[in-house]
Amino acid sequence: MSEIHTGNVIKEELKLFNNYIHTKKKLPDNSKINRDNNYLAQILKISKPYLLKELSETGYKELLSNINGLSKETNTSIVIQKFSEIYCELIKKKYRSEYKNTNKTLNDFINKQDSGIKIIWGDCFKVLKGMESESIQLMVTSPPYYNAREYSQWNNLDEYLQDMRMIIKESYRVLDNHRVWIWNVGDIFDNDNLAVKSVWGKRRLPLGAYFIKIFEEEGFTFVDDFIWDKGEVQSERHKNGNNPYPFYQYPANCYEHLLVFHKHRLDKTKYPCPVCGCLKVNGNSQPEIGIQSWECKNYDCFERSEGNRGKRFSYKTNITQSHHLKEHEIPKDFISKWRKDIVKFSPVIKINSKGVNTLGHTAPFPPDIPEFAIRMFTYEDEKVLDPFGGSFTSGIVAKKLNRIGICIELNEKLFRKASIENIIKNLNITNISELNYE
Ligand SMILES: C[S@@+](CC[C@H](N)C(=O)[O-])C[C@H]1O[C@@H](n2cnc3c(N)ncnc32)[C@H](O)[C@@H]1O
Ligand SMILES: [Zn+2]
């Protein structure tokens, strides 16, 4: 068992080690750190049995070839970071290969370098079926609200919820692990066409509540329900009687839900310790449903507790903590806008003073919604998907925030012209990538 290391000793050792690497200064004789400046070789030596187990012989060989360029790198932190990235990519590749129904044209389109705003014309259920597993870092949408619009109609509420369930189920596979789904939906006033089919059978349908249950049943964790206060709303989402007696009064509905769900697929793959990069780690516990936490068992790790316990981490903390950098900071005023779970901002005004819809889409959501989702739950260059794209508000906001915006929309005939104009007006670009997916 090696000696106990306190935080200061580690920092001191690291400083010496980096000094040694850069200047070849002599390390004190009692230093624990290996004098071989090829730190990559050390990681491999300690991790080999675990690498072989996780990647198999072929994957291990592929890893060796992919890290070849790193063997000359003398900065230990870079070696640890790059080694970990390359290893994680191979693990992801292995996981993705388990799903056999991907469509090459579709995934090439999604992965190709272009303007960063991509439109896929088609049914999102079919598109999701063709996408690679865990290939999207955030999903944000506002689905059709049951029979609220002329372009999306169902026979009854159950058929609608069943269609949505299939899409949610498939999105669980496509969303990256430990990532987020933001689902904007309003509770509507309509007939469920189940028990009562007469014109009088309209009632308040709590779509938000139904969706929470469906998401949970499909594996997601329900995290938050932001109430979007829309102010005074002129719509038929209430049943206010003119009669001033008990049992006739109902409130005008002026809010919608922004439901926040996490995906935590329990993944027992070993991941490298973020401090020393080694795979000699043991399963520690599951601090949340679906999150596996690890403890570093490399006794020469640069960080050990006073009780000589190894660094504890999870794949999720590896992602989040490696992004604690100035460039990923969320603006303070933005954090303050979203500090409480009731948030007020205006809905999109579509109809001008002459009663004409100026936007070409009957149900766009305000950019505040995708902006919230994207700023709070992604980093630059990541992929954001809106499966019910509409006028592509999510894609536009994603692009503005330097993410890759991907939108799927079924009704090309109805919305293409206005939506493309919307993108051009907002982003001032014309090279929009489009794909028809039948
Ligand atoms: C509530 S709107 C989304 C509006 C969008 N958030 C915006 O800002 O414009 C829902 C959209 O989903 C589309 N849609 C309905 N079913 C679909 C499906 N199966 N696949 C893809 N899009 C679909 C509708 O045509 C409609 O444009
Ligand atoms: Zn370690």
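**View 1. Helix α12 and its kink.** In this predicted model, helix α12 (residues 412-427) has a kink of about 25° centred on alanine 418, where the bend at a residue is the angle between axes fitted to the seven residues ending there and the seven starting there. Helices (H or I, at least four residues) and strands (E, at least two) are DSSP runs, numbered from the N terminus. The buried residues of α12 are Phe415, Ser419, Asn422 and Ile423; a residue is buried if 20 or more other C-beta atoms lie within 10 Å of its own, exposed if 12 or fewer, and partly exposed in between, with C-beta atoms placed from the backbone. These buried residues pack against β1 (117-121), α11 (393-400) and β13, two residues being in contact if their C-beta atoms, placed from the backbone, lie within 7 Å.

Residues are numbered from 1 along each chain as its sequence is written, while chains are lettered from A and ligands numbered from 1 in the order in which they are written. Because the model is predicted, local features need pLDDT of at least 70 and side-chain atom pairs count only at pLDDT 80 or more, whereas totals for chains, interfaces and linings use all residues.

View 2. Most residues other than glycine have a negative phi. Asparagine 428, which follows α12, has a positive phi of about 60° although it is not a glycine, and it lies in the loop between α12 and β14 (433-436). Asparagine 428 counts as exposed because it has 7 C-beta neighbours inside 10 Å. Asparagine 308 likewise has a positive phi of about 60° without being a glycine, and its place is in the loop between β9 (291-296) and β10 (312-314). With 12 C-beta neighbours inside 10 Å, asparagine 308 also counts as exposed.

**View 3. The shell around ligand 1.** Of the 20 residues around ligand 1, Pro364, Phe388, Gly390, Thr393 and Leu410 come nearest, a residue being near a molecule or strand if its C-beta atom, placed from the backbone, lies within 6 Å of it. At least two residues of this shell are supplied by each of α5 (124-130) and β13 (404-409). Sorted by class, the shell comprises 11 nonpolar, seven polar and two charged residues; here Ala, Val, Leu, Ile, Met, Phe, Trp, Tyr, Cys and Pro count as nonpolar, Asp, Glu, Lys and Arg as charged, and the others, Gly among them, as polar.

**View 4. Glycine 389 in its loop.** Glycine 389 is found in the loop between β12 (383-386) and α11, and it counts as buried because it has 25 C-beta neighbours inside 10 Å. Leaving aside residues up to four places away in sequence, glycine 389 touches Ile119, Ser394, Gly395, Cys407, Ile408 and Glu409. Between the C-alpha atoms of glycine 389 and leucine 410, which are 21 residues apart in sequence, the distance is 8.4 Å.

View 5. The buried residues are Asp368, Ile369, Pro370, Glu371, Phe372, Ala373 and Ile374, and what covers them includes β2 (136-141), β3, β7 (255-262), β12 and α11. The largest nonpolar core has 54 residues, and those with the most contacts inside it are Leu138, Trp181, Ile182, Phe261 and Val384; such a core is a set of buried Ala, Val, Leu, Ile, Met, Phe, Trp, Tyr and Cys residues joined through C-beta atoms within 7 Å. Strand β3 (residues 175-185) contributes the largest share of this core, six residues. Isoleucine 182 touches Val140, Leu258, Val260 and Ala373, not counting residues up to four places away in sequence.

**View 6. The bent helix α2.** Helix α2 (residues 39-66) spans only 16 Å between its end C-alpha atoms, whereas a straight helix of 28 residues would span 40 Å at 1.5 Å a residue, the expected span being 1.5 Å times one less than the number of residues. At serine 56, α2 bends by about 110°. Its buried residues, including Tyr39, Leu40, Ile43, Glu54 and Leu63, pack against α3 (76-96).
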